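Please read these notes with the model open beside you.

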Amino acid sequence: LRHDWKKVKGSKFSKKREKNKKIIDSNGELNNYSTSPPEIELSNNASAFAVFSSIRSAVLDRNGRIAGVETFRSSNCNSPQGPDLSDTVESDSEDEDRIPSSQTLPKIVGIGLRSVFMLMRESRIVEPNLCTKALGALLDVLQGQLPESLKSEPDDVIDPLFDLLLDLATSHGPESSDVNDGTHLTAIACACLLSLVVVRGDTGKLLSAVAALLMCPKALAIQNIQMPHVLTSLQRSIEAVLLGKLTRPDWITYGVPKNSKIHTFNFRSPSEITNIALNGRSFVSDGKFLYLHTNYGLLKIGSGYGGTIGGQLYCQKADFYPNEIGWLGYANNSLYFKCSPKKQCELLELDIDTLTVRGVAVLEGRDWSSSIMFSDGEHLGMITAGKDEGFVVRTINTLSNPVTVTSELPLKLARKCVDVFGWAFFDEEQSVHTLNTSCDDEIVMVTAGKEYCIVKTASGKLLYSGKGNALGMKSNTRPNRWVDFPLGKSSRVNHIAIGHDGQHVILVIEDGSVLFAGTARRGEDGDNCKVRRPLKPVKPKKILKAEGHFIIDAACNNGSTALVTREGALLMFGKDTLHSDPTTGLVSDLKDVFVQKVALGKAHAAILTNKGELWTFGINNKGQCGRDFSNSRSCFNREMTVVAMETGTGEEEIIVADE
C-alpha cells in the first residue's frame with residue numbers, strides 16, 4: 001500500500017478536486033482506473049484484521065468494477081462507432097461515482113418474506129414441528145451457497161432474518177427428555193444462523209452470532225449442533241490459502257504426520273490406580289469422551305471437547321476384562337467390544353453412560369475370528385482377507401441376532417510396496433523406508449547379494465542397483481539408483497537366486513535354461529576346471545552342465561549353486577558338492593526322491609519333495625539340519641529313515657522326516 005493511497009479528510013470541495021475525472025472514451029474504457037488509487041477509510045487505532053478487511057474489500061470492489069467495464073466493452077466491440085466522447089464526463093457527487101453494491105427487491109417480495117419470518121417466529125410455540133421443518137428447509141438452501149455469496153443482498157431482507165434466527169437459537173432451550181442429536185428446533189436454528197453469517201460475509205453479524213452462542217443459557221451449552229456444509233467450505237478455502245494449493249493432503253494418501261500433535265492433557269487418575277502402570281489395549285472416541293480399555297478395566301475419560309474436561313475420569317468399570325485383549329468400537333450411541341482370542345464369536349453392546357453390558361450379539365461365519373473390526377460412528381464393519389491378495393469390507397447389522405451382513409465391498413490393492421530394513425552397500429539409508437525403483441510396474445521379487453540388489457517387476461523386467469561391475473555390467477556405484485538388467489527380449493526370468501553375501505546370481509529362464517552372472521570363485525558356474533582362473537565378474541551366460549535339463553528352481557550360497565530339474569533331480573556345483581557327481585553335478589543319493597524345491601544355507605541344504613517330505617544334509621554344528629547327536633539320538637532315529645554318507649571330516653547324514 002503506497003503512502004499516497006489514503007483518504008484526506010476535508011470538505012466536499014477538496015474531495016472533488018483530489019478526484020481524478022472519470023474518462024469514458026469511444027472504446028468504453030475507464031481511463032482513471034489505471035491511475036487513481038483506491039480510497040480506504042479506517043478508524044483510529046484500527047486492528048490488523050480491520051486493515052486487512054478494508055484493503056480486501058477495496059481490492060474486490062475495484063476488480064469488480066474493472067470486470068464490469070471489460071464486459072461492457074466486449075459487448076459493444078461490434079457496435080457502430082459512436083460519437084466522439086473524448087470530452088470528460090465529470091461526476092458531480094461522490095454518490096454518483098460509486099456503483100451500488102446492494103440490490104433492491106420489489107416491495108411484494110419484501111412483504112412476502114417478512115410474512116414468512118413472522119409465521120416462523122410465532123409458530124415456534126404453537127406449531128414447533130412446522131417451525132422445525134421450515135428451519136430445515138432454510139438450512140438446506142443456505143448450505144448450498146458459497147461463502148459471501150449473499151453479500152450484495154439488501155439489508156432490509158437479511159437483517160430481519162438474522163434477528164429471527166438469533167432469537168430462535170438462543171431463547172428456547174431443549175427439554176431434558178429430548179434426544180440430543182442436532183434435530184431440535186434450537187439446534188437447527190443455530191446451524192441456520194452460522195450458515196447465514198458465513199454466506200453474508202458481514203464481520204459484525206459474525207461477531208454478534210458468536211457472542212450470542214457463547215453467552216447462551218446452560219440448557220443450550222450441552223446441545224449438539226449440525227456442522228453446516230458452507231462452514232466446512234469456508235474452512236477448506238482458508239486451508240487452501242494457508243497451504244498455497246487447492247487440494248488438501250488427506251491422511252489416507254499421505255498418512256498422519258509425526259508433527260500433527262495439537263494438544264496434550266494429563267489423565268487425572270483416582271487414588272487407587274495412581275501407582276499402577278496402565279497398559280492400554282484399545283480405545284475409541286465418540287467426539288466428547290475417550291473410552292480406554294486397560295489392564296485396570298474400562299475407563300471413560302473427558303477429551304476437552306463437547307463440554308467435557310480433558311483428562312477427567314467420568315466413569316470406570318474395573319472388572320471389565322482386565323486380563324483380556326479386545327477391540328472397542330462406537331456406533332449409533334453405543335459401545336461395542338469384541339474380545340480376542342477368547343469368545344471370538346460374541347460382540348458385546350455397552351451402555352456409554354454406565355459402561356455396563358446391555359446386550360450380546362452372536363457372530364456367525366468362518367471369517368469372524370480372523371477379521372479386523374472397524375466403526376465409523378454410524379456403522380460397524382469388518383475387513384477380511386480375500387482372494388488374489390484382496391480384501392472384503394463388510395458392513396454388519398448389530399440389531400439382528402445373530403449379526404447379519406448388510407453389504408459387501410471387495411477391494412484389491414492398487415499398488416504393492418516393498419519396505420526395506422537394515423543397511424547395505426547399495427542402500428545406505430538405515431531407517432525403515434519404501435523401496436523406490438522409479439518404475440511404474442509392481443515389484444514381485446527382491447533378491448540381494450553382497451554388493452548389489454536385483455528386483456523383478458510384474459511385467460518381467462529386471463532392475464539392479466549397487467555395484468554393476470560385480471555383475472559384469474557398467475559401473476553403478478550411486479546408491480538407490482536402479483538400472484535395467486539386460487537379458488534380451490526373448491529371455492523371461494521365472495526365478496532369481498542370490499546367496500547371503502553372495503557374489504553370483506542364478507537366473508532361471510522360462511524355457512528351462514539357466515544363466516550365471518557374477519564371480520565364480522569355486523566352480524559355482526559349473527566349470528570345475530582345475531586350472532586357476534582369474535576372479536573376474538562375467539555377464540549373464542548359460543551354465544553348460546545344465547544343458548539338456550529343464551530347470552524349475554534354484555538356490556545359492558556364497559560359493560555354491562543348486563538346481564532342481566523338472567524330472568525331480570538335484571544338481572549342485574561349487575564348494576558344497578561332496579555328494580554330487582563331479583562330471584554332471586547330480587546328487588546321486590537322492591535319485592529315488594522327486595525334488596521340487598531347494599534352499600541353501602551357509603554350508604547345509606534343505607529340499608522339499610513332491611510327497612511333502614523335508615530332507616536336509618550338510619554341516620550340523622548348530623543343529624541346522626534338524627539332527628540331535630545327544631543321548632536321545634536312538635529314539636530320534638527310530639522315528640526317521642536315516643541314510644548315512646561318508647565325508648572327509650566325519651559323518652554326515654541325509655534324513656527325511658515323515659509328517
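1. Asp 167 is partly exposed, at 22% relative accessibility. Here buried means under 20% relative accessible area, exposed means over 50%, and partly exposed is in between, using a 1.4 Å probe and protein chains only.

2. This is a predicted model, in which local features need pLDDT of at least 70 and side-chain atom pairs count only at pLDDT 80 or more, while totals for chains, interfaces and linings use all residues. Residues are numbered from 1 along each chain as its sequence is written, and side-chain values use heavy atoms, with hydrogens and water left out.

3. How many salt bridges does a search of the whole structure find? The search gives 13. A salt bridge is a side-chain nitrogen of Lys or Arg within 4 Å of a carboxyl oxygen of Asp or Glu.

4. One of these salt bridges joins the side chains of Asp 167 and Arg 121, at 3.0 Å from N to O. Asp 167 belongs to helix α6 (residues 155–171) and Arg 121 to helix α4 (residues 107–126), so the pair ties together parts that are 46 residues apart in sequence. Helices (H or I, at least four residues) and strands (E, at least two) are DSSP runs, numbered from the N terminus. Arg 121, at 28% relative accessibility, is partly exposed.

5. Lys 461 and Asp 484 also meet through their side chains in a salt bridge, with 3.4 Å from N to O. This pair links distant parts of the chain, 23 residues apart: Lys 461 is in the loop between β16 (452–457) and β17 (462–466), and Asp 484 is in strand β18 (residues 483–484). Lys 461 is partly exposed at 34% relative accessibility, and Asp 484 is partly exposed with a relative accessible area of 44%.

6. Salt bridges that share partners join Asp 159, Asp 202 and Lys 205 into one network. Within this group, the side chains of Lys 205 and Asp 202 form a salt bridge at 3.6 Å, N to O. Is each of these two residues buried or partly exposed? Lys 205 is buried, with a relative accessible area of 15%, whereas Asp 202 is partly exposed at 30% relative accessibility.

7. The last point concerns Thr 447, which is found in strand β15 (residues 443–448). At 12% relative accessibility, Thr 447 is buried. Which residues is Thr 447 in contact with, leaving aside neighbours within four places in sequence? They are Cys 453, Ile 454, Ile 496 and Ile 498, where contact means heavy atoms within 4.5 Å.
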